[in-house]
Amino acid sequence: MVDVIAKVIEDFSARDLHSALLVNREWCRATVPMYWKAPFSFTMKRSTTALKVYESFLETAEKSTQQTVQKPFFDYPLFIKELNYTNLLACLEMYEMAKKVEAILQMLTKYEIRLKTFIMDNTGANNERVYGLWTAPCYASMFSSLNYVEIHTPFPKNNVMKALAKNCAELSHLDIHLHDTSVPRAEESINHLKELLSAQTRPLNLRLVFPSGSGRSLLETFQSRLESFKRLELVKWNFNGCDWEWLKRCSNLVEFAITSPPPQVSEILGTKNESYRLKVSKNSKILTEHWHFNKNDEIPSKFYFHSDKSLMESQSPIITQPRVSRRTNDPKKLQYIRANAMIKMFKELDYYSSEDEDNYLSTYDDYDDGYDESLGISYESYLDSQFG
């Protein structure tokens with residue numbers, strides 16, 4: 001019965017999984033492993049709750065040597081398969097961050113956890129010591145089975161690449177930002193990348209980002225493993241003077257992408273390519289050119305590394321009307337503005353404060369009497385549809 005339920009719920013969202021937990025005992029037993037396999041990969045509220053549960057296991061371990069304590073119904077840490085490291089850090093106070101992270105990593109190692117996915121998002125902050133804690137040799141076993149790695153947090157990656165090269169041989173997805181202000185460290189990272197590529201036993205989807213990084217050094221690391229690339233995206237490297245004939249020997253490549261492609265790339269791959277614009281921040285975008293190739297009748301994904309953010313989908317036309325720049329005091333219009341702002345807030349934030357709300361509402365100082373471009377409807381129509 002549990003196996004049947006597990007099959008039913010495998011595509012459930014986090015919210016649906018939470019509901020499934022409450023059906024009955026059998027459903028609970030089947031759902032708990034699925035619900036807890038990625039405890040820090042959803043909202044901040046969910047991550048904070050997961051951290052409290054993990055902390056209870058740390059406290060239980062400390063107290064068990066002194067007194068008998070009641071254990072939870074499930075060993076929840078046993079189920080983790082995906083670790084979003086930056087979300088875990090975001091739940092912790094700065095003064096306790098290093099100590100608490102080390103305690104959790106030690107607990108997971110003791111449980112003989114084998115992670116499949118590891119993610120470090122771009123936080124815009126820099127805390128090299130804490131960000132690199134997981135690369136210590138004592139945690140190597142936990143990362144030896146990784147299939148999917150995504151690291152964009154800004155800190156030196158030489159030890160990261162060294163740890164991955166030494167411990168990982170089953171990667172199918174690696175998306176990493178290698179930028180480093182130190183030339184020796186950057187060279188060390190690329191040397192470890194060569195070791196990492198040589199160790200892989202599976203076709204690899206590889207995305208590498210390094211503004212003005214040495215493209216010549218990078219391409220040298222590729223030469224012995226060209227047949228292993230399934231998808232390859234090279235972002236913001238300096239490829240001046242590089243030879244691209246090696247692309248002809250990538251026999252298993254189904255997608256290739258690059259920023260500012262040299263003319264030789266188009267000569268080899270053809271001119272049938274598509275553009276993708278990645279919005280990195282409010283004022284920063286990265287444009288990559290993508291080539292797709294059919295291999296063994298496989299239907300290629302549109303943009304593999306950006307499948308959830310594609311900007312190429314057709315959009316409804318926006319009707320523009322003259323705008324009146326002023327702040328309104330009309331209660332009905334204010335209700336519309338606040339409702340629209342709240343919708344945007346819930347789409348973009350896991351949680352918010354009154355300060356966040358004020359920041360969002362301030363964007364509506366310039367208000368149009370009859371039209372809002374972000375919704376494409378008049379405020380009267382919107383209020384009728386939402387509030388009757």
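## Terms and basis of the model

Helices (H or I, at least four residues) and strands (E, at least two) are DSSP runs, numbered from the N terminus.

The structure is a predicted model, in which local features need pLDDT of at least 70 and side-chain atom pairs count only at pLDDT 80 or more, while totals for chains, interfaces and linings use all residues. Residues are numbered from 1 along each chain as its sequence is written, and side-chain values use heavy atoms, with hydrogens and water left out.

## Confidence and overall composition

The average pLDDT of the protein (the predictor's confidence in each residue, from 0 to 100) is 79, and 72% of the residues score at least 70. Residues 309-327 stay under 50, and the model gives them 29 contacts (heavy atoms within 4.5 Å) beyond four places in sequence. The pLDDT is also below 50 over residues 347-388, a stretch with 83 contacts beyond near neighbours in sequence.

The secondary structure amounts to 14 helices and 9 strands. Of the 388 residues in the protein, 43% are buried; buried means under 20% relative accessible area, exposed over 50%, and partly exposed in between (1.4 Å probe, protein chains only). Among contacts with a separation of 6 or more, 68% join residues 24 or more positions apart.

## The parallel strands

Strands S2 (residues 117-120) and S3 (residues 148-151) pair in the parallel sense over 4 bridges, where two strands pair if DSSP finds at least two bridges between them. Methionine 120 stands opposite isoleucine 151 of S3. Strand S3 has a covered face, formed by Val149 and Ile151, and an uncovered face with Tyr148 and Glu150. S3 is also paired with strand S4 (residues 173-177), again in the parallel sense and over 4 bridges, and valine 149 has leucine 174 of S4 as its bridge partner. From S3 the chain crosses through helix H8 (residues 158-167) to S4 in a right-handed β-α-β crossover. The buried residues of H8 are Asn158, Val160, Met161, Ala163, Leu164 and Ala165, and their cover includes S3, S4 and helix H9 (183-199).

S4 and strand S5 pair in the parallel sense over 5 bridges, with histidine 177 partnered by valine 209 in S5. Here the chain passes from S4 through H9 to S5, and this β-α-β crossover is right-handed. Strand S5 (residues 204-209) has 6 of its 6 residues buried, so the strand is largely enclosed by the rest of the structure. Leu204, Leu206 and Leu208 lie on one side of S5, and Asn205, Arg207 and Val209 on the other. S5 runs parallel to strand S6 (residues 229-235), to which 6 bridges join it; the bridge partner of arginine 207 in S6 is glutamate 233. Together, S5, helix H10 (residues 215-222) and S6 make a right-handed β-α-β unit.

## Nonpolar cores

In soluble globular proteins, nonpolar side chains tend to be buried together. A nonpolar core is a set of buried Ala, Val, Leu, Ile, Met, Phe, Trp, Tyr and Cys residues joined through side-chain atoms within 4.5 Å. The largest one here has 86 residues, and those with the most contacts inside it are Phe222, Leu234, Trp244 and Phe256. Helix H6 (residues 97-110) contributes the most to this core, with 7 residues. Domain 1 (1-36) and domain 2 (45-259) both give residues to the core, so it lies between them; these bounds come from an automatic or database domain assignment.

Phenylalanine 222 touches Leu197, Leu206, Leu208, Phe229, Leu232, Leu234 and Trp246, leaving aside residues up to four places away in sequence.

## Individual residues

Glutamate 112, in the loop between H6 and S2, has a positive phi of about 60° although it is not a glycine. Glutamate 112 is exposed, with a relative accessible area of 60%. Serine 260 also is not a glycine, yet has a positive phi of about 50°. Serine 260 lies in the loop between strand S7 (255-258) and helix H11 (263-269) and, at 66% relative accessibility, counts as exposed.

Glutamate 55 belongs to helix H4 (residues 44-63). Glutamate 55 and isoleucine 104 are 49 residues apart in sequence and 8.0 Å apart in space, C-alpha to C-alpha. Beyond residues up to four places away in sequence, glutamate 55 touches Leu92 and Lys100.

Notes:
A crossover is right-handed if, with the strands pointing away from the viewer, the path from the first strand over the helix to the second runs clockwise.
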